[in-house]
Structure formats: C-alpha cells, structure tokens
Amino acid sequence: MSLLIIVLLSLAALLTLLFLGLPVAFAMALVGVVGLWIQGGIGPVQGLLGTVPYSVVASFSLVVIPMFVLMGELVASAGFARQAYATARAWLGRLPGGLTMAAIVASALFAAVSGSSVAATATMGRLTIAEMRRYGYDGGLAAGTVVVAGTLAALIPPSAMAVFYALVTDQSVSKMLIAGMGPGIVSALLLMLTAYLVARFFPHYSPVLEKRVEFREKVASLRSVGPFGVLILVVLGGIYSGLVTVTEASAIGALVAFLLLAVTRQLRWSSLNQALTSSVKTSCMIYLIIIGGLLFSRYLVFLGVPFAMVSAIKGLGVSPLAVVIVMLLILTVLGMFMDPVGMIMLTLPFFFPVVQALGVNPIWFGVLIVLQAEMGVITPPVGVHLFVVRQIVPDIPLSAIIRGVLPFMICQFIVIALVFLFPQIALWLPGRMH
C-alpha cells in the first residue's frame with residue numbers, strides 16, 4: 001500500500017472519529033496508536049506509550065501553562081477586571097462607540113494577565129454587555145465586541161496558545177510570548193478604530209453617553225488598574241529583561257495575583273477553589289491534547305510523512321510565502337469546525353517540518369498560526385467564543401451576535417495580513433530581548 005493511501009486512510013479515520021464526537025486528543029491518540037500497531041507491530045506501540053505520556057506530564061517547561069491559567073483565574077475572581085472596565089469607561093465613555101472601546105481596552109488589560117481567551121471572553125462578557133445594553137447599545141454589537149475582544153488574550157502575553165505552540169515546536173517560549181505583543185497592540189487599536197467607525201456610521205447602534213466625567217475623576221480612576229500594572233511589570237518585565245525564566249515568571253505571577261487578592265481583601269475560599277479547579281481542568285485538557293498530538297505525530301514520522309512532504313513541496317519550486325498562505329487557508333476552513341488547540345496540534349505535524357525546511361521564521365509562523373487559530377473561535381458554525389457569550393446573554397439571537405462580530409472579523413483579517421506583509425510587527429520585540 002502506498003504512503004499516500006495510508007495517510008489518506010488515517011486522516012479519514014481521524015475525521016470520522018471527530019465527527020462522531022470523540023475529543024480530538026483521544027481521536028489523534030487512537031489513530032496514532034492503531035496505525036503504528038498496524039504498520040510497525042506491538043513493539044513500537046509499547047515504546048511510544050511507555051515514554052510519551054510520562055515525558056509530557058513530567059516536563060518542567062509545561063508548568064507555565066497551569067501557572068499562567070491560575071494567575072488569570074485569580075484575577076478573574078477578583079474585582080480587578082471590573083475596575084479596569086470602569087477606568088476605560090471613564091476615559092472613553094463619551095466618545096462615539098465609547099463603551100465598546102472601553103470593553104476592548106479592558107479586554108486588552110485582562111489579556112495581559114490571563115492566558116485564556118475563553119476566560120477573558122466570559123469575564124468581560126459578564127461585566128460589559130449588560131451595561132452597554134442598558135445605555136442603549138445594540139445587543140448584537142455589544143456581544144460581538146466581547147466575542148472578538150476576547151481573542152486578544154491569545155496574542156498579548158501571557159498567552160497559553162503561544163506557550164503551547166512554542167513547547168510543541170521546541171521554540172523559545174519567552175520569544176514566542178513577546179512576539180505576540182506587537183500584533184496584540186495593533187489588533188486592539190484596530191478593534192477600537194472599528195468600534196469608533198461603526199458608531200459614526202451607525203449611531204443608533206451605539207449612542208453617545210450624556211454623563212460627563214471630570215478630569216480629576218479620570219486621573220483618580222487610574223489607580224484602579226494598579227494590580228494590572230504590577231502583574232504586567234512582574235511577568236512581562238521579568239521575561240523581557242531576562243531576569244527570570246518563563247517558568248519562574250509564571251509561578252511568580254500566580255503568587256503575586258494571590259497576594260494582591262489577599263491585600264485587597266478579595267480572597268475567598270470559594271473563589272480560590274474555583275480558580276484552582278478551573279486551572280486543573282484547563283491544564284489537563286491541554287496536556288491530553290499534547291499527548292494525543294505527539295502520539296499521532298510520532299506515527300506520521302514513523303511513516304516518513306514529514307520527509308515526503310518536504311521533498312514534494314521543494315520539488316514544486318513554489319515560494320515559502322505561497323506555502324504559508326495555503327496553510328493559513330487550510331486553518332481558516334478547519335477553524336470553522338474545530339477548537340484552536342486541537343486544530344494546531346492536528347496540523348503542526350504536517351506544517352512545521354515543511355516551514356522549517358523552507359527557512360520560514362518559526363516565531364513569525366507561530367504568531368500567524370495563533371492569529372489564524374483565534375479567528376476560528378469567532379467563526380461560525382463552531383466558534384467557541386460565540387457560544388460562550390450566547391450562554392451569558394441567551395436572549396440575544398446567535399444571528400445577532402454573528403452580525404455584531406462581522407465588522408471586527410474584517411479587522412482580524414487585516415491584522416493577519418499586516419503581520420504577514422510586515423513580519424517585524426511580531427519579530428521586532430523578540431529580536432531585542434536579552
């Protein structure tokens with residue numbers, strides 16, 4: 001049987017399992033193990049199962065995922081996010097689209113202390129949508145703003161998605177994290193510009209607030225974002241300066257978040273228990289996907305698929321950028337039906353050996369992968385953020401939420417295009433790290 005037929009049968013089996021509802025981690029693991037057993041016998045299977053799961057769970061580098069998730073969960077359980085939104089509202093509220101811009105700014109601040117875009121979407125959705133609707137904002141626009149603004153947590157460090165990519169591809173976690181800063185800032189600014197333009201051209205969707213906030217009150221409100229400043233300085237400042245490793249920064253960040261809750265008297269056993277439980281669940285999910293993905297990728301390596309793909313693409317003589325564009329288009333389609341972590345783990349065994357062989361910068365490629373994966377969480381029919389927000393505001397039809405997302409989705413495509421055309425948006429900061 002030819003290699004192409006074996007690969008096609010394996011992919012068909014994998015897609016069948018996914019459509020039947022089997023979680024992506026178990027689907028990849030099952031296809032990898034069974035395929036390896038059929039092609040190589042029981043020996044390679046025993047060796048793989050005896051090493052891969054343990055090596056993943058025992059990896060010291062993977063500590064960053066639960067620590068960053070815990071830091072974000074602790075901040076979400078406190079009133080810091082509400083304070084950040086109140087500060088942004090005080091400064092921006094009276095501008096056209098002021099409350100939507102305030103929600104975007106607050107989401108960007110929350111993204112700087114949370115590695116989970118789903119957590120960011122849920123937290124900001126509960127805080128901002130009801131208030132925007134109370135002031136006359138269109139429900140679909142309010143919900144759509146939160147859906148898209150939550151994706152900033154996948155770009156602005158500490159991003160669990162960036163850590164995930166770096167660990168799977170054996171890249172520098174610190175450089176991968178810092179590389180998301182430039183695109184994250186550009187994305188936030190373009191989202192704010194989009195919100196402003198929507199308000200100017202469709203004023204009935206986002207009326208201007210009449211209440212005026214005095215300048216001294218605006219300045220005083222800046223004290224409320226102090227906890228974010230402390231965490232950003234400790235985590236991102238420590239990573240960028242090289243004073244601490246990413247693993248150390250994640251642990252220190254979780255500790256500082258815990259201390260901030262204690263100092264501000266917002267530490268409750270219920271919130272701590274919820275933060276720890278959520279961190280364990282999220283980390284276990286990511287660990288399982290990594291294990292399943294590695295079992296599947298080892299099977300592909302055993303077959304020689306990466307080497308065959310590299311030889312075939314080099315033989316075509318196409319440019320590396322054209323190959324990257326094709327990969328991004330494939331991710332666009334997959335993102336409509338899969339969660340981002342599973343999608344990345346499924347495609348990287350095929351994509352990464354090719355881009356390495358073609359000399360594509362792996363950090364730049366990683367930022368594009370994260371951007372494209374996060375596009376999937378706001379794209380119907382299986383956009384995770386859409387359904388997170390739908391649970392928060394069940395009275396808003398899903399069609400209205402999607403309509404509210406559309407102008408911001410165009411903005412996200414522009415960000416991907418800018419990073420593709422101008423790689424230094426992502427590479428300038430990592431290139432100046434110590």
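Trainee: Why does D170 count as exposed?

Mentor: D170 has a relative accessibility of 70%, and the scale calls a residue buried under 20% relative accessible area, exposed over 50% and partly exposed in between, with a 1.4 Å probe and protein chains only. Since 70% is over 50%, D170 counts as exposed. This is a predicted model, in which local features need pLDDT of at least 70 and side-chain atom pairs count only at pLDDT 80 or more, while totals for chains, interfaces and linings use all residues. Residues are numbered from 1 along each chain as its sequence is written, and side-chain values use heavy atoms, with hydrogens and water left out.

Trainee: Where does D170 lie, and what is its phi?

Mentor: D170 lies in the loop between α9 (160–169) and α10 (173–179), where helices are DSSP runs of H or I with at least four residues, numbered from the N terminus. Its phi is near 60°, a positive value in a residue other than glycine. Most residues other than glycine have a negative phi, and most peptide bonds are trans. The bond that joins P157 and P158 is cis, with omega about 10°, and P158 itself lies in the loop between α8 and α9.

Trainee: How do you know that S114 counts as buried?

Mentor: Its relative accessibility is 2%, which is under the limit already given for the buried class, so S114 counts as buried. S114 sits in the loop between α6 (98–111) and α7. Leaving aside neighbours within four places in sequence, S114 is in contact (heavy atoms within 4.5 Å) with G72, A119, A153 and P158.

Trainee: The axes of α7 (residues 117–134) and α8 (residues 139–149) come within 9 Å and cross at roughly 155°; what makes α7 roughly antiparallel to α8?

Mentor: The axes are lines fitted to C-alpha atoms, for helices over the stretch in contact, and angles run from 0 to 180 degrees between N-to-C directions. Angles under 35 degrees count as roughly parallel, over 145 as roughly antiparallel, 65 to 115 as roughly perpendicular, and the rest as oblique. Because roughly 155° is over 145, α7 is roughly antiparallel to α8. The crossing is also right-handed, the term for a near helix turned clockwise from the far one by less than a right angle, left-handed being the anticlockwise case. From α7 the contact takes T121, M124, G125, T128, I129, M132 and R133, and from α8 it takes G139, A142, A143, V146 and V147.

Trainee: Which residues touch the most other members of the largest nonpolar core?

Mentor: A nonpolar core is a set of buried Ala, Val, Leu, Ile, Met, Phe, Trp, Tyr and Cys residues joined through side-chain atoms within 4.5 Å. The largest one has 154 residues, of which F68, I239, F296 and F365 touch the most other members. Helix α15 (residues 269–303) supplies the largest share of this core, 13 residues. I239 touches F68, S174, L177, I178, V244, V246, A249 and M433, not counting residues up to four places away in sequence.

Technical notes. Helix = DSSP H or I, 4+ residues; strand = E, 2+ residues; numbered from the N terminus.
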